[in-house]
Amino acid sequence: MKGVVSMGKERDWEEQIGELFTYIEESPTSFHAVANLEKMLNEAGFTRLEERERWELQKNGKYYVNRSDSSIIAFVLPAKEAKGFHMVAAHSDSPCFKLKEIPEITVDTAYLKWNVEKYGGMILSTWLDRPLSVAGRVVSKGKAGMESHLVNLDEDIAIIPNVAIHMNRDMNKGVEYNPQIDMQPLVGMASAGGSYLERLAKEAGIAQEEILGTDLFLYNRDKCHFIGLDKSFVAGPRLDDLECAYAGMKALVQEEADDYINVCAVFDNEEVGSGTKQGAASTFLSDVLIRIGRKLGMDEEGYRCALAGSFLISADNAHALHPNHPEKADTENRPILNGGIVIKYHGSQRYATDAYSAAMMKDICNRAEVPFQVYANRSDIVGGSTLGNISTAQVSVNTVDIGLAQLAMHSAYETAGAKDICYLLQAFRTFYRQ
C-alpha cells in the first residue's frame, strides 16, 4: 500500500465531506440522486442529450444522458483522437420501502397506515422507531405526453413503531420481522385518509386528478453526521452507494479529458438485480458508447478497438472489519474504515476484479498517493454482487470492482470512514486525468 494522501486543513476536508452530506440529504430516492447529479453537471457546463433525438457532439464537449429519471451517464470528450473510454460506474438506489399502488390501510377505524413492500435487501429492524417521510416521482399527462414530477413531502410524517417489551418479553432474544405485518408505517389518524395525494399533487404543481402514476418510497429523515472522538467516521442514510456516485460525478466535472473519453455512469436498481431498462444489465451504457463512437467517426472495428483499450471502475461499497464481530471477516482480506480504497475479489466472479484490473487500480492509487486495501468474503459466506460483472455482460472491458469500507451495509443508517471519501475522489480524479 502507498502512503496516505495529505488531507489538508481539517476545515477543507470537512467542507468537502459536508458537500457529500448535503447531496445525500437532498437525495432521498434514486430520482432525486440523479436530479442532483444533473444539477451538478448543468452548473459545470454539460449539455443534456435526449436518447430519442440525433446527437451532435464536439471535441472537448461535455454531455450527459438521463434514462427514466433515475439513471444517468455523463461523458467528456478529448480534443484529440481518443484511445478508448475511462469509465466509473456506481448506483443511485438504496434498500428501502416502496409504497404499493393502493397504500392506505385503516386499523380499527382509528389509525391510518401505509401498505409498503421491501425494495432490496434491508436490515428491517433499523427502520423501526425512526422519523420517516415519502419521496419519489408522480407522472401526469401534459401537452407533449407523459410528464414526470419529482416529489418530496420533506416532513416527519411516518413511523414504524416497535412492539413494547411488555408485549414480547423475548424481544431481546431476537425477532423475525414480517414485512406485511411488522413493517407497515403509521402515518396518522384514520381521518387523514387520502390527504397524501393532495399533498403530492401540490408538491408536483398539478391537480390531484392529474396524477396517473407514482413511484413512491419511504426514506429515513435522519441527517448525516461526523462520528468519533477524532471525527474519524461518517454516518448517514444511503452511504451505499451515494458516496461512490457523488465522488465519480464530482471527479468527472473537475477533470478535462486527455487521451480517453471520460465517462461516469450511475445506474438505478442495483439493489434488486439491475435487470431493468435503466439498470446496469440493460443496454444503456452500450447504447451511449456506440453513439459516441459513431459520432466521432469510429467504424465497427474502430469501436471494438476502443473498447479493448478501455477500463471500467465499478464502485460500490465494501464490508469493513466489524469491531464487535471480527469473526465475520476473512482472516487476512479484511479492510478497515479509513484504510483506503477497497479492491474487491471473488473466486466465483461476483466481482469482476482479476490480476490485470487489480494491478491497474493499484497503479491508479499509487499515482494518486492514496492507500488501498483488499476484500474477500469468508470462504463459507456467499456474499453479495455488484455492477462490475453485470455491466461487462453488455460492454466487455477490463473491469475492477472497488468500494469504500463501511459498517452496517443496507441499514437505514450506515457508517463509513471520513478519510476514505477524500481518497476515492482523489483516485477518480487521477484516473480521469491520465
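Asparagine 60 is not a glycine, yet its phi is positive, at about 70 degrees. At 45% relative accessibility, asparagine 60 counts as partly exposed; buried means under 20% relative accessible area, exposed over 50%, and partly exposed in between, with a 1.4 Å probe and protein chains only. Aspartate 154 also has a positive phi without being a glycine, here about 50 degrees. The loop that holds aspartate 154 runs between β8 (145-152) and β9 (186-189), and its relative accessibility of 47% makes aspartate 154 partly exposed.

A word on what you are looking at: this is a predicted model, in which local features need pLDDT of at least 70 and side-chain atom pairs count only at pLDDT 80 or more, while totals for chains, interfaces and linings use all residues. Residues are numbered from 1 along each chain as its sequence is written, and side-chain values use heavy atoms, with hydrogens and water left out. The predictor's confidence in each residue, pLDDT, goes from 0 to 100. Its mean over the chain is 93, and 97% of the residues reach 70 or more. Over residues 1-8, pLDDT stays under 50, and for this stretch the model has 24 contacts beyond four places in sequence; contact means heavy atoms within 4.5 Å.

Next comes helix α4. How far apart are the end C-alpha atoms of α4? They are 22 Å apart, which agrees with the 22 Å that its 16 residues should span at 1.5 Å a residue; the expected span is 1.5 Å times one less than the number of residues. Of those 16 residues, 15 are buried, so α4 is largely enclosed by the rest of the structure.

Side chains of opposite charge can pair when their charged atoms come close. The structure holds 24 salt bridges, each a side-chain nitrogen of Lys or Arg within 4 Å of a carboxyl oxygen of Asp or Glu. In one of them, glutamate 19 meets lysine 250 at 3.6 Å, N to O. This pair links distant parts of the chain, with glutamate 19 in helix α1 (residues 10-25) and lysine 250 in helix α4 (residues 239-254), 231 residues apart. Glutamate 19 is partly exposed, at 34% relative accessibility.

Another salt bridge joins glutamate 255 to arginine 433, whose closest N and O atoms are 2.9 Å apart. Glutamate 255 lies in the loop between α4 and β13 (261-267) and arginine 433 in helix α9 (residues 418-433), so the pair ties together parts that are 178 residues apart in sequence. Is glutamate 255 buried or exposed? Its relative accessibility is 8%, so glutamate 255 counts as buried, whereas arginine 433 is partly exposed at 37%.

The bridge between aspartate 363 and arginine 367 has its closest N and O atoms 3.1 Å apart. Both residues lie in helix α7 (residues 355-368), 4 residues apart, or about one turn of the helix. Elsewhere, Asp69, Lys98, Arg137 and Asp215 are linked in a network of salt bridges.

Now for the rings. The count comes to 10 aromatic pairs, where rings of Phe, Tyr and Trp (its six-membered ring) pair if their centres lie within 6.5 Å, and planes under 30 degrees apart count as stacked, over 60 as edge-to-face and the rest as tilted. Among them, tyrosine 119 and phenylalanine 217 have ring centres 5.8 Å apart and planes at 80 degrees, so the pair is edge-to-face. Tyrosine 119 lies in strand β6 (residues 111-119) and phenylalanine 217 in strand β10 (residues 213-220), so this pair ties together parts that are 98 residues apart in sequence. Tyrosine 119 is buried at 11%, and phenylalanine 217 is buried at 9%. Trp55, Tyr63 and Phe75 form one aromatic cluster.

Finally, the count of disulfides, pairs of cysteine sulfur atoms within 2.5 Å, comes to 0. The sulfur of cysteine 264 is 10 Å from the closest cysteine sulfur, in cysteine 244, which is too far for a bond.

Methods
Helices (H or I, at least four residues) and strands (E, at least two) are DSSP runs, numbered from the N terminus.
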